[in-house]
Amino acid sequence: YCLGGGGGIPAPDATAASAAGGGGTGTLIRASGVSQYTFGSDGRSACTCIALRYAERFLQATSQPAQASATSADAIIGESFLSEGLNQGVDLYKAIKAGGSTSVEHMSAEEVLGNVHGKQALANLKLDAPVRQGVLSSDSSSPLGMQAVLAGCQSDSHWVAVVITKSPETVVVVLPPSSPHSASQYVLLDSHPRPHLGADGSYAMAHDNMGSL
């Protein structure tokens with residue numbers, strides 16, 4: 001699910017890293033001690049709502065003039081960004097479930113955005129491109145592989161948030177404009193704990209290029 005609405009953030013120098021780039025590992029830029037599982041049954045399946053809240057918060061921040069001089073996503077994603085987005089996502093999930101309009105536990109982004117509570121809470125989000133489907137493949141050149149699908153979502157003028165679901169988990173990645181004068185950080189936002197990455201709660205991991213992401 002490709003979502004837009006953010007502005008461009010200039011890079012600290014005139015040359016941004018290659019959008020394709022090579023492989024490599026990301027850098028953990030923020031980690032919280034709280035995850036969706038902290039909220040018990042209310043948060044266990046709330047990852048799609050949380051991912052959409054993270055997308056909304058990030059895109060709103062990049063559209064604000066006060067953020068126009070920021071040099072990276074790191075300047076936007078602080079501890080409060082993670083914790084407040086987490087709480088807002090869980091609250092949205094609870095509101096949707098309490099409304100009785102769906103019996104689905106792990107909702108898709110389309111189901112959340114089509115719900116009356118989702119429409120109200122996420123009114124600032126707009127679909128930036130048609131919904132994409134892909135496959136997990138070890139072949140980096142596959143036209144349906146993760147890298148190709150994400151590259152197809154990237155804009156040359158503004159930030160895009162891509163909500164990715166592989167049931168039963170949903171995460172969101174934010175892609176910088178592909179313009180050579182744009183910020184070069186690609187960021188994964190995840191409400192699940194990943195101890196093997198050093199994250200016992202929700203976290204943000206930055207990557208220098210698409211290949212690393």
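Colleague: Hi! Is Arg30 buried, exposed or partly exposed?
Modeller: Bear in mind that this is a predicted model. In it, Arg30 is partly exposed, because its relative accessible area is 25%, which lies between the 20% and 50% cut-offs.

Colleague: Thanks! Which side chain does Arg30 meet in a salt bridge?
Modeller: That would be Asp74, at 3.2 Å from N to O. The pair links distant parts of the chain, with Arg30 in strand E2 and Asp74 in the loop between H1 and H2, 44 residues apart. Asp74 also counts as partly exposed, at 28% relative accessibility.

Colleague: How many salt bridges turn up in the whole structure?
Modeller: Six. One of them joins Glu56 to Arg53, with the closest N and O atoms 2.8 Å apart. Both residues lie in helix H1, three residues apart, or about one turn of the helix.

Colleague: Are Glu56 and Arg53 buried or exposed?
Modeller: Glu56 counts as buried at 7% relative accessibility, and Arg53 counts as buried at 14%.

Colleague: Which residues are linked in a network of salt bridges?
Modeller: Glu169, Asp190 and Arg194. Between Arg194 and Asp190, the closest N and O atoms are 2.7 Å apart, and both of those residues are buried.

Colleague: Switching to the sheet: what is the order of its strands?
Modeller: The sheet is open, with seven strands in the order E2-E7-E6-E5-E4-E1-E3, and the pairing is antiparallel. E2 (27-31) and E3 stand at the edges with a single partner strand each, so one side of each has no neighbour in the sheet. On average, neighbouring strands are turned by 30° against each other, direction ignored.

Colleague: Which strands does helix H1 touch?
Modeller: H1 (residues 47-62) packs on the sheet and touches E1, E4, E5 and E6; its direction makes about 15° with that of E5. Helix H2 (residues 79-98) packs on the sheet too, touching E2, E6 and E7, at about 60° to the direction of E2.

Colleague: Now the largest nonpolar core: which residues touch the most other members?
Modeller: Leu3, Leu52, Ile77 and Leu189, out of 39 residues in that core. H1 gives the most to this core, with nine residues. Beyond its neighbours within four places in sequence, Ile77 is in contact with Arg30, Phe58, Leu82, Val187, Leu189 and Ala204.

How values were computed. Residues numbered from 1 in each chain as written. Predicted model: local features only at pLDDT ≥ 70, side-chain atom pairs only at ≥ 80, totals over all residues. Heavy atoms only, no water. Pairing = 2+ DSSP bridges. Helix = DSSP H or I, 4+ residues; strand = E, 2+ residues; numbered from the N terminus. Axes fitted to C-alpha atoms, helices over the stretch in contact; angles between N-to-C directions. Contact = heavy atoms within 4.5 Å. Core = buried A, V, L, I, M, F, W, Y, C linked by side-chain atoms within 4.5 Å. Buried < 20%, exposed > 50% of the residue type's maximum accessible area, 1.4 Å probe, protein only. Salt bridge = Lys/Arg side-chain N within 4 Å of Asp/Glu carboxyl O.
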